[in-house]
Amino acid sequence: MEIDILKDFSFTPVEKSKIDTFDFENVQFGAKFTDHMLICEYKNNAWQQVEIKPYAPIQLDPSARVFHYGQAIFEGMKAYKDVNDDIWLFRPEENFKRFNKSAVRLAMPEIDETRFIDGLKSLINIEKEWVRKGLGNSLYIRPFMIATESGVIASPSNEFLFCILLSPAKSYYAGKIKVQIAEYYSRAANGGIGAAKAAGNYSAQFYPTKLAQEAGFNQIIWTDSTHTKLEESGTMNVFFRINDTIYTAPTSDRILDGVTRKSLIDLAKKEGYNIEVRPVLVEEIVEAAENGTLKEIFGAGTAAVINQIEAFSYKDKIYELPNMDEVGSYALDLKEKLTKIQNKLADDSFGWTVKI
């Protein structure tokens, strides 16, 4: 097997691949991983050599700072295989830039493009057989960084571990979902870390989401601290269609600058849709639902791409959305166009796809 590893990388191959025992037809998102992973340590104020090695547990001291003070960030990306067996990334430079923005916000070291982008390409070249063709199939990519220095003093770590994991994936959500608009809990605050891909952002969502699920909903649409502005849906950015215009909130300290979000905005403009990026008020969405002008709500993110929302709850009242699938769903149209670009089934006039 020919492997394209940069000269400063070390590679330890797995003794026996598990690919022949992997069930690609029944994939649980993010539950199983490929044969190898990439790791790189930061110590003595410098990033060390990149290693690509067999997927295995990581050993950490019980006092590692990540366990006590939560210095942990991550990204979510995907690789796609086209009909010619070429493998493509989708806007990896955006994930690289956002990863470093998250690092700065959490007092962690920025990583260089060689280790992040070139390291990722080398890892995927090794694991290329794990990328399956066909719409809906992809290889989910999880780069992350954690604080590893030992000691429970409340200060930033001086040592870190950067790692990339790969996981075969299909569509993250199946079917349409029902959501609850947050009236008490908030995902993030002004001046906080809501715009960072920080692990703590997600753990803070689990309890309110659990309550929503117990009430019969799949996810929460998060609101700002005043609970008057709509911001994100679960782990996704969220879009609202009133009549023939799409609305989505601007990014801020509280809202993640999603790669899928910005791609959909650009794609919608190119396709001639009316789209406005501005604060979206709870009261205007409720009013639009009541007068029949609210046509669609959909979430957008790397894992889900686009996830349609069929109903939402606010102040104990449930609002059903019309089924636009047969009469011109903007969500389905944009999802089809974006996934075709990602899978190299349509022309990429934006230059978003990067060949490995």
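**Helices α5 and α7.** I looked up how helix α5 (residues 259-270) meets helix α7 (residues 330-342) and found that their axes come within 11 Å and cross at roughly 110 degrees. Axes are lines fitted to C-alpha atoms, for helices over the stretch in contact, and angles run from 0 to 180 degrees between N-to-C directions. I listed the residues in contact (heavy atoms within 4.5 Å): T260, S263, L264, L267 and A268 from α5, with L334, K337, L338 and I341 from α7. By class, six are nonpolar, two polar and one charged. Ala, Val, Leu, Ile, Met, Phe, Trp, Tyr, Cys and Pro count as nonpolar, Asp, Glu, Lys and Arg as charged, and the others, Gly among them, as polar.

**Basis of the entries.** I note that the model is predicted, that local features need pLDDT of at least 70 and side-chain atom pairs pLDDT 80 or more, and that totals for chains, interfaces and linings use all residues. Residues are numbered from 1 along each chain as its sequence is written, and side-chain values use heavy atoms, with hydrogens and water left out. Helices (H or I, at least four residues) and strands (E, at least two) are DSSP runs, numbered from the N terminus.

**Helices α2 and α3.** I then turned to helix α2 (residues 92-105) and helix α3 (residues 113-126), which pack at about 145 degrees with axes 11 Å apart. The contact joins P92, E93, N95, F96 and F99 of α2 to E113, F116 and I117 of α3. I recorded five nonpolar, one polar and two charged residues here.

**Strands around β4.** Which residue in β4 is the bridge partner of L38? I found I52, and F11 also stands opposite I52. Strand β2 (residues 36-43) runs antiparallel to β4 over four bridges, whereas β1 (residues 10-11) pairs with β4 (residues 51-54) in the parallel sense over two. Two strands pair if DSSP finds at least two bridges between them.

**Hairpin of β18 and β19.** I saw that β18 (residues 305-314) and β19 (residues 317-320) pair antiparallel over four bridges. Y314 has K317 as its bridge partner. Two residues lie between the strands, and K315 takes a positive phi near 50 degrees.

**Residue S233.** Not counting residues up to four places away in sequence, S233 touches V179, I220, I221, V238 and I309.
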